[in-house]
Structures are given as structure tokens and as C-alpha cells.
Amino acid sequence: MQRMLTGNHAQSLAAKLARVQVVAAYPITPQTTIVEGIAEMVAAGEFPCEFLEVESEHSALQACISAAAVGARTYTATSSQGLLLMHELLHWASGLRMPIVMGVVNRAVAPPWSIYADHTDTVAQRDTGWIQYYCESNQEVLDTVLQAYRVAEEFRVMLPAMVMEDAFYLSHTFEPVDAPSAEEVDAFLPPLEMPYALDVDRPARFGSFMAPDAYMEARRNVADGMEASGRVIEDVEREFRERFGRDHGGALPLFACDDADAVLVVSGTAASTARHVAREMRAEGKRVGVAKLRVFRPWPVAAVRALAAKVPRLAVLDRSFTFGFGGALFQEVRNAVQSPRAGPLVRGYVAGLGGRDIVPATIRAIFDDVLAKDGPEVSWVGLQEVTEWPA
Amino acid sequence: MARLTIPAEELMTPGHLGCPGCGATLAMRYLLKGLGPRTMLTVPACCWAVMSGPFPRTCVEVPFLDCAFEATGASIQGLRAGLDARGVKDVTVVGFAGDGGTADIGLQSLSGFLERGVDAIYVMYDNEAYMNTGVQRSGATPWGAWTTTTPEGRTKPQEKKDIMAIVAAHNVPYAATACVAFPEDLVKKVEKARGIRGPRFLHVLAPCPPGWKYAPEETIRLGRLAVDTRVFPLYEVEGGRYTITRKIGKGKPVAEYLAKQGRFGHLTEAEVAEIQRRVDARWAKLEALARTTAEVTP
């Protein structure tokens, strides 16, 4: 059924369709309407779940972890500072192998205060053992939440997943979304059967102290789950396409890359703008393409290398900044494709921080720069020259 | 013939990693005796996160979920909600945390747990400092006590945080203090708590030989002295009604309790007298609370 939904409504509806059993959340702009939407459905009796209005994001994620530990399907959502507050629990969730799904509305981190789109909040969590999906449309948000449960709960994986949407560009923007029926979703996503839920009839301890003779193997076990998730993500998307007649291209969907002289790697809503510009530039005779980084964790290294093998120049757009050398996506792309003698030229571009619009001119400037012979390795795009701060 | 009121069933096995004379091991042992096997524990960073034994061993025969240091209250609610969602109603969920994990870093999630009326039991075992990390001052450390972060010359200049008052301010159905040196009373309170619905709180004094600096065989004697000197009164708060469960007339001199512990070894006579004055004042306040709330219907 076609419905007009915001990205946040798509998150709430997906949680309901997934028959989530425990929701714990805390308000933060621009995530708040996700939990409000869930609260309304719970109040109306349409969404039977335990709805916990906790006193912080930290407690929200702890409550989800503990509920998952006894075998319940769980959901939470947050943004920015809330996600940063959860950081410790992000590690707990993956280390305990709890298949929690979390909606994240990407928002800039303070200071300075900003409620607008920026990926720094989630990029900064890349090392926490969570699967990370970045969405481009509200349809993709809804579909990806459903897919994320299948991936997270797959026995080989058993890891939490976060499903991102850009603040306001998706979270508060209405788009037509094809909402599947409960029956269709039930057929795709069966109830969670935790292989090792806490149970008084089989007492066990989760999370105990591990001496140096065991700790490394436990971490490797998590790494194996993350490694396995790459394949599962592709399998689940194939099945999704068979059942629902649409998909979102896997981890790294490509647009016009086969004969391209330069390809832009980008995540989130800026991908739409990038394809629009690529079409325009192709009409002008410039051979450019777009690779949308839909999945950042697990890192789709094989897909990135396959792309690099056929493209002489890669531009990487980071809507976030990591203090170090260039943005995180740039670093990872370059690490994946670099070799002493061969490989494409890779350039990093930081743009769209704190909700600054990434407009066609932004993308065009990036393509022009990467097609030129000798631009700097990392550039900030759209940066205004500040000669004097307001008194 | 005396009637045994403590269940014989043991849900804590030998082989724990606690120090000799550890009061916190007794707190867990009696708690589980009072609750029985249909119990689920969640435990944050604290002595008990280590004492249960390293992977793959554990010395308690009920499910045990480790949680983040500051999140016991939230973990309790998650367990309860998950069990409810799965239709499991006959399991008692218990958060078991130290004084630092409860009264300091975990105070926010404790308050959230109490305010939201979660149907579960929260036990704070109180050894009056961060003992797992090696005796650092906590909010529950008493006035004048030595710790490694309040060394001699700068011993704790603040009063022990009154966690029971904080809990009682949430209007919970049941909160009680107990001490491992009075096991019948402790088990009775655990059993009482088990029969009540809503958020319940137990504040259990657990003497700590290395932290308080006394010989391990003195744990029970010290626990009894803490109560009988009125340093640690045993009482219940039921929906606002205070009841002193071990009535003590004049009380033994606090000097007797303090003299047995190295952590108070530096105290001058004047300081001991100051502690006696504070203890007397607190007791008088507690008696007044018991008198004025006697007619309150829980």
C-alpha cells in the first residue's frame, strides 16, 4: 500500500511490521518523531510491545541489550549526542551478540549545537561492532530496517545493526512509500529464536570476565560474525527483491561506473544529487559515475576493490570529519585500493557538515577537481572564507 | 527447639573468588536462598563481576547478565520487559550492584527504575567504597574513613550518602536495610520483598576485610556491631511508613565499632565523639520518622 511517510514514520512503521517486542527510547531531535510514532501506535493498540520510556539513551540501549538477552526482538532510535552517550553500550551489544536494530537520524555533534544532517555521529561508531546501513530514501529506510533484522538475527552473524537516515532530508520529509502488509513481512521475517537466551531452566552467565587465555578468541568470534554479515546482507537483499519486487543494490550500488573516468563514492541522501549531476555531466560528454556506499560496516572491501580495478579516479565524499587525515570514508577507500605501483588516484572531499546543503554545484566541483590532474589529496568543499568572526 | 528460618537450598556454590571473610559473598548467598531458583540476576562492574569466577565458570546457579557499570536499573527493566514480552511471569528479576554502582555512577538508572515502577528487586550491597578497584572513596563511604583517595590527613570530610532516603523519595512499595551479620532478618526481608509487586530496594551492609582493614574472621562481629552501635540501623520503608526492625535502646558506643577497623585508626577522641554525635542524631531522626509515619497506610 502506498503511503506518504517521513523517514521517521518509515522507521516506526518498520518496527511495528517487524513485530518488535521491546522498544526503549529517549527523545532527541530529530529522532523524536520515531518514538512518538511508536507511542501512538502502542496507545492505539496497533503495536503490541513493551514500550520503555527510559531516562537516557544509555539506559535505552542497556534495556534493549537485557531484553534481547532473554530472547526478545528489540528496537531503539537516536541521533547525535544520544548515540555518543550510547557508545559504551554499543560495544556491550556487539560483544554480547545481541541482534538489536537501531534507527539513527544522522545529526551533527556539538559543539557548536546543530540539529542538522552530518554523519560524524555514526561514522565515529564504526569500530563498535555494529552493522551500518546508510539510506537514501524513505522507502529504503523502511525496507532496510526489515532487512536489518534478518541480517542481525542470522545465526552466523548475531550482531546489532543501525539504519541511518539524514536529518530532515529524510527524517522530516514526506515521500511516497510502498508499505508491505503484515502478512508479507511475517513471511520474510519470522519471530526471533535466540539460540542462547538467558533461561532460569538453563542457568548461564553472559558477559563474564575473560582472562587473557580466552579474550582474543571472543573478539575474533565477533569479527567472524561481522565478516559473515557481508554475504548475508547480499543474500537477504536478494530474497527481499524476490518477495517485494524491489531492492537497494546491496552494499555498494553502482551508477554509470563501467566506462567512467571518475567515480564519486558517497553515502546517504547526497547520492541522489550525485547521480543527478552525473547524468548531466554525461550529457555534456564527461564520463563520470557514482558508487553509493550503502553499507559502511561490514566494510565492503571486495566491492570497493572491484570498482577500483575498473576506474582510474575515485572521489570520496565524507559528510563527516575524522580528526586525522581526511574523512573516514576516504581513509578506508584509499586503504582498500592502495598498492605500491597500481590502483586509481583517490581524492577525499569533506562537504555538507552540520546540514550545509550538498547541492549539484558541490558535486560538480568535486567531479571537476578529481578529473583535473593534480588537486590536493583532501579538500573541504563549499567552505566559506572566514575573515572575521562576528564580534 | 529453634526453628530454622533460612532455606537450606544453596544457589551459590563453593569456589567464588571473593576475599576471605567477604561480606558480599554472604549477601549473595542469603539473597538467593530467599529468592529461590526462579531468579535472574543482572550485575554491573563491582566485586561480584569478578567473584563469580572467570569464563566459563560461575558460582551462582541462576542466570547472570553482566551489564554496564552505570546501567543496572535499565538492565533490570530490560530483563523484565523481555520476559514479559515472552510471557515469562514467574521469574524474579534482581539487580545486584555495589554502593558505587548504585549511589554514585548508577544513581540515574536506579532513579529511572524506581520512578517507572518496574516490577523487580534492586539490591545494593554496601562495602562503603570502590573495593573492586582497591578501596577508593564512594558516596557511601562514611565520614572520617580512610580510603586510597581519602588518605590520612585528608580522610573523607563528607557524610555517607543516604541512599535509603533517595529511594524512599520515589515512594516505592518496599525498601529495607539489612546486614549480612543478621541472616534471619536479611532472608526474611528478601522473602517479603519477593512477595510484593513493583520496585523494591534492599540496602545490605557487607563488611569488607581488606577495605575496612580488619581480620577476616571479624566480619560477622563487625556487622553486628555496626547495627548494635546504631551506625547502620535495620529498618523498612513500606509506602512511606518507617519501621525499625531491630530496636536498640542506648546502643553500644561507636568507639567499639570504629576501634576494630584500620580505616578509622587515625581518628582522634574528638573525632570519635563527633561520629557518636552524628550517629545519635541520625538514630533520633529515624525514630521520629518511625513515630510520625506509624499511621501511614502503605
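Author: What follows is a short talk about domains and chains. This is a predicted model, in which local features need pLDDT of at least 70 and side-chain atom pairs count only at pLDDT 80 or more, while totals for chains, interfaces and linings use all residues. Residues are numbered from 1 along each chain as its sequence is written, and chains are lettered from A and ligands numbered from 1 in the order in which they are written.

Reader: Ok, which domains does the assignment give for chain A?
Author: The assignment, which is automatic or taken from a database, gives domain 1 (2-244) and domain 2 (254-380) in chain A.

Reader: And how many residues does each one put into the contact?
Author: Counting residues as in contact if their C-beta atoms, placed from the backbone, lie within 7 Å, domain 1 of chain A gives 26 residues and domain 2 of chain A gives 22 residues.

Reader: Switching to the chains, how many residues touch there?
Author: In chain B, 35 residues are in contact with 38 residues of chain A.

Reader: Which element of chain B gives the most?
Author: On the side of chain B that touches chain A, H3(B) gives the most, with 10 residues; helices (H or I, at least four residues) and strands (E, at least two) are DSSP runs, numbered from the N terminus.

Reader: Which strand of chain A pairs with E2(B), and in what sense?
Author: Strand E9 (residues 205-206) of chain A pairs with E2(B) in the parallel sense over two bridges, where pairing requires that DSSP finds at least two bridges between the strands.

Reader: What stands opposite Phe206(A)?
Author: Leu65(B), in E2(B), stands opposite Phe206(A).

Notes. Two residues are in contact if their C-beta atoms, placed from the backbone, lie within 7 Å.
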